[in-house]
Amino acid sequence: MEAAAGGEDGEEPPREARVLGSELVETYTVYIIQVSVGSHQWTVKHRYSDFHDLHEKLVSEKKIDKNLLPPKKIIGKNSKSLVEKRQKELEVYLQTLLVKFPVTAPKVLSHFLHFDLYEINGITAALAEELFHKGEQLLMAGEVFTIRPLQLYAVTQQLLQGKPSCANGDAKTDLGHILDFTCRLKYLKVSGTGGPFGTSNIQEHLLPFDLSIFKSLHQIEISHCGGKLIKGLTSSKHALATMSVRFSAMSMKEILVPEASEFDQWEPEGETSSCPVTAVIPTWRTLTTLDMSHNSISQIDDSVKLIPKIEFLDLSHNGVSLVENLQHLYNLVHLDLSYNKLTSLEGVHTKLGNIKTLNLAGNQLERLCGLNKLYSLVNLDLSNNKIEQIDEVKNIGNLPCLEKVVLSSNPLSIIPDYRTKVLAQFGDRASEVCLDNTVTTEKELDTVEVLKAIQKAKEVKYKLSNSDKKISEDSRLTAASSKSNCSSLTVRPSSPSLPRPVSSSQEIICEETVLASSFLQSSGSTPTDHTVPQRCFEIPNSRCKNLIPSVRLLLYLTISVFGR
């Protein structure tokens with residue numbers, strides 16, 4: 001591509017203009033011209049009157065032969081024979097002009113053949129003149145300056161060829177105006193195209209260019225360029241605070257550490273390594289915002305070690321399948337990983353300790369178990385995933401700072417009463433949570449309270465059910481033991497010196513008192529005065545009637561306390 005535009009060994013590439021055909025537009029004929037410079041081609045359309053105006057200016061300014069252009073025709077100017085004849089004559093005319101001006105075309109000819117849009121010399125001359133007039137004003141206003149990859153390519157080629165900075169003799173087109181402007185510019189946008197540029201065959205994402213001419217950049221936006229073909233970006237490390245590279249990169253490494261391909265083992269400056277290091281790479285000291293969305297990145301590689309000051313990181317619309325290496329970004333508070341290929345969040349809290357805003361929309365997540373320890377999280381977007389169960393929301397229900405949650409376009413969002421069931425998972429914080437960008441209503445909060453009460457009742461019932469099972473088992477064991485003791489101590493009634501057999505009321509005391517004892521023990525209660533009779537015959541019959549209601553009251557109070 002460089003040889004095509006710049007020629008070999010600094011020579012000018014061959015230039016050619018051919019009139020390929022014509023078309024009738026309303027009442028006049030338009031000629032279709034194909035211009036070629038090396039392998040770059042583009043199309044220009046002009047009517048005969050445009051040729052005539054061009055010729056008049058060239059005769060006046062450059063003193064060319066005024067008979068060089070074929071004459072006008074008043075009658076039959078659109079006839080097929082005249083158009084075909086004129087087509088050949090106009091092609092000869094253009095070729096003659098290109099031979100007469102082999103290096104730098106006059107400004108009027110450059111604009112006529114669109115050299116100012118597609119050819120190196122024409123592009124740099126037009127850019128230099130623009131900055132001569134507006135450069136200082138743009139710098140003073142602090143505005144973002146937009147430039148095309150093709151323009152940067154042209155400037156890079158001009159510098160590589162080492163030509164005079166003012167080849168056409170016009171001081172306004174001096175290359176120095178460009179270099180002075182780029183040296184002081186703070187805000188730059190390099191915007192290419194997804195396909196061929198304009199009417200040309202030029203693919204801007206295949207053009208190499210050098211950004212080292214920019215010495216003071218604080219912010220840069222790059223789109224539709226070739227990431228591996230960008231040179232000199234790292235020269236802005238000392239001042240760059242915000243960087244956006246979109247539709248351009250295959251990996252993070254090719255942007256953040258392009259020199260990594262030259263070394264077997266590298267480490268960021270200031271970091272010690274136990275392995276042999278072949279290079280120490282300076283970090284992006286001032287970079288706090290990085291947008292690398294809409295690329296073809298499949299991995300968060302170790303190049304993130306070079307951006308330790310990053311606070312905002314956007315990696316959306318890529319092919320990332322694993323959250324890794326982000327533990328090196330201690331200042332990271334806003335992370336966008338939406339529309340990637342994430343399927344699991346296991347252990348993500350160990351890499352995102354201080355995160356406040358997390359966008360995970362458009363992934364393939366089914367579970368949220370990795371989010372339960374992100375205690376600083378305020379905003380969370382989980383829309384367009386594969387979450388089916390309301391219970392998964394419990395993983396984020398106890399996060400103390402969470403205020404905004406988006407779960408729309410998940411399978412669970414079609415569950416009846418979806419909003420109230422989700423909000424109920426946040427317990428007492430339900431009123432503080434905004435779900436799916438919709439403020440929670442009073443009616444929803446009332447329903448949430450009912451759901452919470454039902455859930456609490458279920459939990460109590462479950463606990464009581466387990467306790468009853470334990471009490472029943474303990475009662476059976478104690479009753480069996482008590483009956484055994486009672487039987488062994490019963491004697492014949494003819495012996496006046498021995499106690500009488502146990503009455504039915506005493507048996508009830510034995511069973512209910514043991515039941516209360518077992519229940520209290522199972523519920524963890526420890527009354528201050530709690531003595532369960534171990535031998536039935538020790539309680540006189542007259543006290544049985546008084547103790548039976550007391551034991552029943554004790555049981556009721558115990559259940560009430562335990563239930564609460």
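Strand E15 (residues 357-359) and strand E16 (residues 379-381) run parallel and are joined by 3 bridges, strands being DSSP runs of E with at least two residues, and helices runs of H or I with at least four, numbered from the N terminus. Asparagine 359 has aspartate 381 in E16 as its bridge partner. This is a predicted model, in which local features need pLDDT of at least 70, side-chain atom pairs count only at pLDDT 80 or more, and totals for chains, interfaces and linings use all residues. Residues are numbered from 1 along each chain as its sequence is written, and side-chain values use heavy atoms, without hydrogens and water.

Both strands belong to an open sheet of 11 strands with parallel pairing, in the order E4-E5-E7-E9-E12-E13-E14-E15-E16-E17-E18, where two strands pair if DSSP finds at least two bridges between them. Strand E4 (145-147) and strand E18 (434-435) stand at the edges with a single partner strand each, so one side of each is left without a neighbour in the sheet.

Turning to the aromatic residues, ring pairs link Trp42, Phe115, Tyr118 and Phe197 into a cluster, a pair being rings of Phe, Tyr and Trp (its six-membered ring) with centres within 6.5 Å. The count comes to 5 aromatic pairs.

Two arginines lie over the faces of tyrosine rings, which requires CZ of Arg within 6 Å of the ring centre and within 35 degrees of the ring normal.

| Arginine | Tyrosine | Distance from the ring centre |
|---|---|---|
| Arginine 47 | Tyrosine 28 | 3.7 Å |
| Arginine 86 | Tyrosine 48 | 3.9 Å |

Key:
Phe/Tyr/Trp six-rings, centres within 6.5 Å; stacked < 30°, edge-to-face > 60°.
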